[in-house]
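Here is a short report for a reader new to this structure. It goes from the contacts between chains to details inside one chain.

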Amino acid sequence: MNLDFLSAGAAAADGAVARSPMEAKARAAGARFDIRDGWNVAHAFAEGAEEEARAATRTAGWADVSHLGKLELQGPPDQLDRIASECGAELRLGEASRAGEAWWCRLTTTRALVVCEARVTDALRAQLADASAGAEQVTLTEVTTNFAAMTLVGPGAREVFARFCALDLRPAVTPVRALRPGSIARQPGILIREAEDRYLFLFGWATGEYVWSAVADAGEHLGGRPIGIDALSALPGPARAEETLSA
Amino acid sequence: MSRLGQQPGERITRTKKVSFSFDGKKVEAYEGDTIASALYAAGRRTFSRSFKYHRRRGLMCVAGQCPNCICAVDGAPGARACTEPAREGMQVTHVNALPSLEFDAMRVTDIAGGPFTPPGFYYKTFIRPRRLWPLYEKILRNAAGLGKLRHSQPEREWRTEYRRRHADVLVTGGGIAGLQAALAAARLGADVVLADEGPEPGGQQLVEGAPQRVRELAEHVREAGVEILSGASALGYFDGLVPVWQGDTLHQVRARHHVFATGTIEQPLVFAGNDLPGVMLSGGARRLAALYAVSPGRRAVIATTSDRGLHAAAALRDAGVEIAAVADLRPDAGELGRQLRAAGVPVFAGHTVIEAKGSKTVQSAVIAPVEALGADGIRDEHSFECDLVAVSGGAIPASSLPLQAGAQSAYDPALGHFALGALPDGLSAAGEVTGAGSDESVAVSGELAGLRAAHALGLGTDESRARLERLEQAPAQPVDVVVAPAVSGEGRGKCFACFCEDVTSKDVHLSIAEGYDSIELSKRYTTVTMGPCQGRMCQLPSVRLMAQETGQSLQEVGTTTARPPWVSVPMGILGGRPIEPAKRSAIHNRHRELGATIKWAGDWRRAYDYGDPAGEALAVNQAAGLIDVSTLGKLIVRGPDAGDFLDRLYPNRFSNLKPGRIRYGVISSDAGRIVDDGTICRIDDETFYVTTTSSGAGAVEEWFSWWLADWGQRVSLTDVTQGLGAVNLAGPKAREIMAAVCDIDCSNEAFAYLDGKQARIAGVQCLILRIGFVGEVGYEIHFPSAYGEHIWDALVEAGTPHGLRPFGLEPQRILRLQKMHILVGQDTDSESTPFAAAMPWIVKLDKEQDFIGKWALEHYSQQPPAAALVGFTMANGDVPTEGAVVVDEAGTPAGQVTSSRHSPVLGRTIGMAWVPEALAHDGATITISDEGRTLSAEIQTKPFYDPDGEVLRS
Amino acid sequence: MSFLLECPNCGVREVTDFGFGGEVSARPKQRPSFRELNTYNYFRRNVAGVQREWWFHRSGCRAWFIAERDTTTNEVKFTALPADAPGSDPSGESARVAVESGGDLL
């Protein structure tokens, strides 16, 4: 036996569609869905991506990105560093690095989380498995469905967070690429500041509905709205961070 | 509306009118007015009735400090009329007076009840007969109080917000000191928040100084990037976190440095009739005139202990109030006194006010020389007709916040109050709260605090450091005050030390006579300082009375502890948004669609049943059932030492478990007590899949990683509780259903009891554990949470033709009880050992290595347990309550029922109970005492259903 | 309680982010007497002053670490991973046995 039953991608066949825990909430808010990389994703709302992106740039918008792949590496610090470096990434406490369409996050000296675009999850898992093969004590675990995820964008994003999160997100304290594990909406969370006004945050899969409610309650009151991932990809995002790193 | 002419700092906009109602009558106001300023302008003098005696009370502080103008706005009690802005259409009503403010029937408590309502009167009066207390309580609750909450829940709800704000510096108080501090820090680059209680920053300067200049200063502060929160009270200091209440928002401000520029609170004087409407603090009278252009009175007597009252006399005179007399407690009224005299105002040095007279409002005031006080008869008293007595009994620092932050205070005889001492690192105080007197020294102390805060943050320039050094040389300019007498005119009428709770000087004397002779005891007995003013008006007077009566110094008497909240705050503000963290399985929406009863189970929302728990349980025993068990804790334990690690955590052995096999485990503490239980499946040589109870998931992960942090074995832990969904398919038809959806051989030979296998169900890779919590052939299927609905739908579709029914938590409890499978925490408690819980087989004391709980379990293995966990049955249909008591022949408690249900498949009551060891054998009879019923039950030690597990293994 | 605590992995957070694991105490290395066992299981020093404690970053990295805190003021002297805590067993084997007077109880 092996741990394939943990892998959302590897597990799927016969047209099984992976679903986010926030799907019902997004649907109730008017989301339109599309199957991408095996996931049923809320790609847009009735108004369309352009209008959603515009609204998010004015105040704040949030998108369900639970389909992002998540891979966990555990092992001795030097082994983790070696594996990351083979993949063109770095692992530092408190700061995520961007490489291979993934955020590389060191959570402890011996544990790292790689958060990647859904389309590269399987390939990245295979790459990491190769890199860690033979390395004693290195374990690789797919934890995609451990964490639901949301991206909160817009100039009002920080004020929205301030309604349910005690993390200090002032730019001087939390610069772009900062990695901040900590309580979000009274649940364990992991936050990455992806760009100027863009925050990716992860939280327990089972708390998806609850976190959506907390974000929507705060965000709508401040004039924000849910957006689809089409609008999200039209806004400044992690790609820029990747360029900066390689430059 | 009678108003004065244009005042230089007035806040009202005369071109914009608003109207509201007070007790149903229309009141005209200007924009910028408060409820109180508009009512006062319209001639109202009585604003409330007092707490106990229902005496008339009028405006006193006009700054939201005292309790006198508490009213209800649009049905919500607790508003202060003197700070609540007048809004168009608002409905304001009085509180604590029946039937009306002008005629209050409860006034009888003042006239007749005076001698009968001393401190603690209801403990003294209403204790007998005891059975009448509920009635007394109802009457007392009606007679006292500060208004009524609205009745229906929706009417009580409004949107409140938490807002987290991190800052470099939080300045509390927006007077000159606070503004200067904020400006100095912000100009050096600090991120500064300024919280001020007033509707606009400026503090006392707006009324008693130069309003235009301070407004300009506030503008500079705003331009420097300071976030100014107006109408915002800092509620308390909690290790650097200060909740600031502003309207519907609670800002939780976490700052690295704090500047307390909280100012001072003008003090009343304690004399006969000092609560009559028309007796006002000098600052209150001036606020009415300066901010709202409302004349506080026609003819005033002023009593003061410092220059402040003299300034008030001059200002009120300029506003058109005739000054009948000024009583200055100091032997010499100084330069200001001479100026007033020259202008024709009678100034009496060395005098104070001893009585205010009048029925509904002040009609006259009596002053006397201070040396005559306390003598048998008072010589040379002077009486003046007046409708206003403006008093200034000195000022105390508003030091609650710095005291909560760890500052000490000590009595300063020169200042006549408790002055703030040194502050801990990272905190500073500025302005009048530190005892700074003149405007200039207040401003300097503010700038100093701002510079110091910025420098401590690593900001600052050579210039700013030079500036700091220069300012530090500036001489202090203390205020010239004399200490007010504890009370004057006692014997001429009630002298109130505390307006909130109607405590008179005599009440304080009485409490001391009855033995409550420390300030903390007296506070609790008389309730002085415990009312809405939170000691602002009464702390110092009560300390002075205590000192006078006991002969102690004020330092010896001390003060009561400064506690949050600084102002009365609605509970809803503290409560925040009503959004409760909840976990839901990935199949949750299916349960909703099936009409399940959803209940809390720990922090999960779970399907308790689908409307028919007995039928659902029966379906599992007779056909098949499907339950969502995604809440189970799930841990991957991996590494070369994984087997050894588990051997050290569990009393039984896992290192010898074969890959693909499952074993039950009970976690015990080092005290040998049961902590949690679950099954462990070995995936491969180095990998184990550990499940825990639903409620224990988090604690077990923490427990495992805690020991791992200490032992440092080559093991990695990954908690996949939320990552994997799980369902249990069980029942006589379960195998057939599995065969239909699953790509592996499910025969008993190929997939035996306690086997774990990986297989695809409806295309999704799953881990399938053949275990039997509910007692039938069962498959616990684990899969990535994203496929929850997919798996559920596939199993329901395949199972329905076989009679499969979804079943909830409640039927599962029936089913597991039929098998006597324990629920940790339900059938066990923090004292239960595996031996007592009838699981001695799970403890492997012959294991070579040490394990958690080994030593204690070795001990308990030698001791026969005093009580044992056994099953019981009842034939007559009674079902005892869980928690019912097992009693011995004498009726003495000897045990407890932990679980009990009616079993639909067995047709009788089954249960589990802790009973004395002597009764723990088949066929013994126990007696259960259950809320007045006495029931009899028969002990059974083997499972009620399929006792030998033949069904399970088939 | 609303002081700040610095997680060695994640940085400074509100104390509500963390789980408290109690004071660091020594687990007996060999079989204790029953009395010693009960002392270990049930007795704590509970000092008013500086004590060494276990904390767990429950809402963040989910790692255990050691803190030294003044229980009377909540002033945190330091936080460190068990192996890095000053005064720990130099072999890094057990932070639990490194308490000065913890052994007195046994």
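## Contacts between chains

The contact between chain A and chain B takes 45 residues from chain A and 46 residues from chain B. The model is a predicted one.

Several elements of chain A give two or more residues to the side that touches chain B. They are helix H1 (8-11), strand S1 (18-19), strand S5 (69-74), strand S9 (139-142) and helix H7 (208-221) of chain A. H7(A) gives the most, with 5 residues. By class, this side of chain A has 23 nonpolar, 12 polar and 10 charged residues.

Chain B also touches chain C. Here 15 residues come from chain B and 19 residues from chain C. On the side of chain B, helix H23 (697-711) and helix H27 (854-862) of chain B are the elements that give two or more residues. H23(B) gives the most to this side, with 5 residues. The residues on this side of chain B divide into 7 nonpolar, 4 polar and 4 charged.

The table sets out the two contacts.

| Contact | Residues from one chain | Residues from the other chain |
|---|---|---|
| Chain A with chain B | 45 residues from chain A | 46 residues from chain B |
| Chain B with chain C | 15 residues from chain B | 19 residues from chain C |

## A helix pair in chain B

Two packed helices are described by the angle between their axes and the distance between the axes. In chain B, helix H10 (residues 307-318) packs with helix H11 (residues 334-342) at an angle of about 25°. Their axes are 9 Å apart. H10(B) and H11(B) are therefore roughly parallel to each other. The crossing of H10(B) past H11(B) is left-handed.

Which residues in H10(B) meet H11(B)? They are Asp307(B), Leu310(B), Ala313(B) and Ala314(B). In H11(B), they meet Gly334(B), Leu336(B), Gly337(B) and Leu340(B). The contact of H10(B) with H11(B) has 5 nonpolar, 2 polar and 1 charged residues.

## A sheet in chain B

Chain B also holds an open sheet of 3 strands, in the order S29-S31-S30. Its pairing is mixed. Strand S29 (583-584) and strand S30 (597-601) of chain B are the edge strands, and each pairs on one side only.

S30(B) and strand S31 (residues 604-609) of chain B run antiparallel, joined by 5 bridges. Lys599(B) has Arg606(B) as its bridge partner in S31(B).

A helix lies across these strands. Helix H26 (residues 809-818) of chain B lies across S30 and S31 of chain B. H26(B) runs at about 65° to S31(B).

Definitions and conventions
Residues numbered from 1 in each chain as written. Chains lettered and ligands numbered in written order. Predicted model: local features only at pLDDT ≥ 70, side-chain atom pairs only at ≥ 80, totals over all residues. Pairing = 2+ DSSP bridges. Helix = DSSP H or I, 4+ residues; strand = E, 2+ residues; numbered from the N terminus. Contact = placed C-beta atoms within 7 Å. Axes fitted to C-alpha atoms, helices over the stretch in contact; angles between N-to-C directions. Nonpolar A, V, L, I, M, F, W, Y, C, P; charged D, E, K, R; others polar. Parallel < 35°, antiparallel > 145°, perpendicular 65-115°, else oblique. Left-handed = near helix turned anticlockwise from the far one by under 90°.
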